[in-house]
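I opened this notebook to record what I looked up in one protein structure, entry by entry.

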Amino acid sequence: VNEAFARLDLAVQASVGEVGLSTPPTAPAEGEAWVVVAAPTGVWAGRVGAIAGWTAGGWRFLEPKEGWRVWS
């Protein structure tokens, strides 16, 4: 259930701090999120285009679907 809530928090009224980051921040705060761009590194490797959100349980990734909107 906690995993579902963490993913739901990222998806509902999605908001990101930045679009265009390819390297994960070193000290993210819980609830912060970013849109991953080309050539991601570290734990973001292979996640181009994903919404990467930091949660109490670590990184969570959402693959956007057609029609999704994200506020930056």
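**Entry 1: the aromatic rings**

I looked for ring pairs first, and I found that the structure, which is a predicted model, holds four aromatic pairs. One of them is formed by Trp-34 and Trp-44, whose rings are tilted, with 6.2 Å from centre to centre and 45 degrees between the planes. I then asked myself which parts this pair ties together. Trp-34 belongs to strand 2, while Trp-44 sits in the loop between strand 2 and strand 3, so the pair ties together parts that are ten residues apart in sequence.

I also looked up how well these two residues are covered. Trp-34 has a relative accessibility of 8%, and because buried means under 20%, Trp-34 counts as buried. Trp-44 is buried as well, with a relative accessible area of 0%.

The next pair I noted is the one between Trp-54 and Trp-59, which is edge-to-face, with 5.1 Å from centre to centre and 70 degrees between the planes. Is Trp-54 buried or partly exposed? At 27% relative accessibility Trp-54 counts as partly exposed, whereas Trp-59, with a relative accessible area of 17%, is buried. I wrote down that ring pairs link Trp-34, Trp-44, Trp-54 and Trp-59 into a cluster.

**Entry 2: the fold**

I stepped back to the whole chain, in which I counted one helix and four strands, and I read the order from the N terminus as α-β-β-β-β. Strand 2, residues 33-36, runs antiparallel to strand 3 and is joined to strand 3 by three bridges. Within this pairing, Trp-34 has Ala-52 of strand 3 as its bridge partner.

How many bridges join strand 3 to strand 4? I found five, and these two strands also run antiparallel, with a hairpin of two residues leading from strand 3 to strand 4. Strand 3 spans residues 51-55 and is mostly covered, since four of its five residues are buried.

**Entry 3: Arg-60**

Gly-53 stands opposite Arg-60. Arg-60 is buried, with a relative accessible area of 16%, and a polar atom of its side chain lies 3.3 Å from the backbone oxygen of Gly-57.

**Entry 4: the cores**

Which residues make up the largest nonpolar core? I listed eight: Leu-21, Trp-34, Val-36, Trp-44, Ala-50, Ala-52, Trp-59 and Phe-61. The elements that give two or more residues to this core are strand 2 and strand 4. Apart from this core lies another one of five residues, including Val-16, Ala-33, Val-35 and Ile-51.

I also followed Val-36 of the largest core, and, leaving aside residues up to four places away in sequence, I found that Val-36 touches Leu-21, Trp-44, Arg-47, Val-48, Gly-49, Ala-50 and Ala-52.

**Entry 5: the whole protein**

Of the 72 residues of the protein, 32% count as buried. The accessible surface comes to about 4,700 Å², and 55% of this surface belongs to carbon and sulfur atoms. Among contacts between residues at least 6 apart in sequence, I noted that 27% join residues at least 24 apart.

Methods: Residues numbered from 1 in each chain as written. Predicted model: local features only at pLDDT ≥ 70, side-chain atom pairs only at ≥ 80, totals over all residues. Heavy atoms only, no water. Buried < 20%, exposed > 50% of the residue type's maximum accessible area, 1.4 Å probe, protein only. Polar contact = N/O pair within 3.5 Å; in protein donor to acceptor, adjacent residues only side chain to side chain. Pairing = 2+ DSSP bridges. Core = buried A, V, L, I, M, F, W, Y, C linked by side-chain atoms within 4.5 Å. Contact = heavy atoms within 4.5 Å. Areas by Shrake-Rupley, 256 points an atom, 1.4 Å probe, with all protein chains shown as cover. Phe/Tyr/Trp six-rings, centres within 6.5 Å; stacked < 30°, edge-to-face > 60°.
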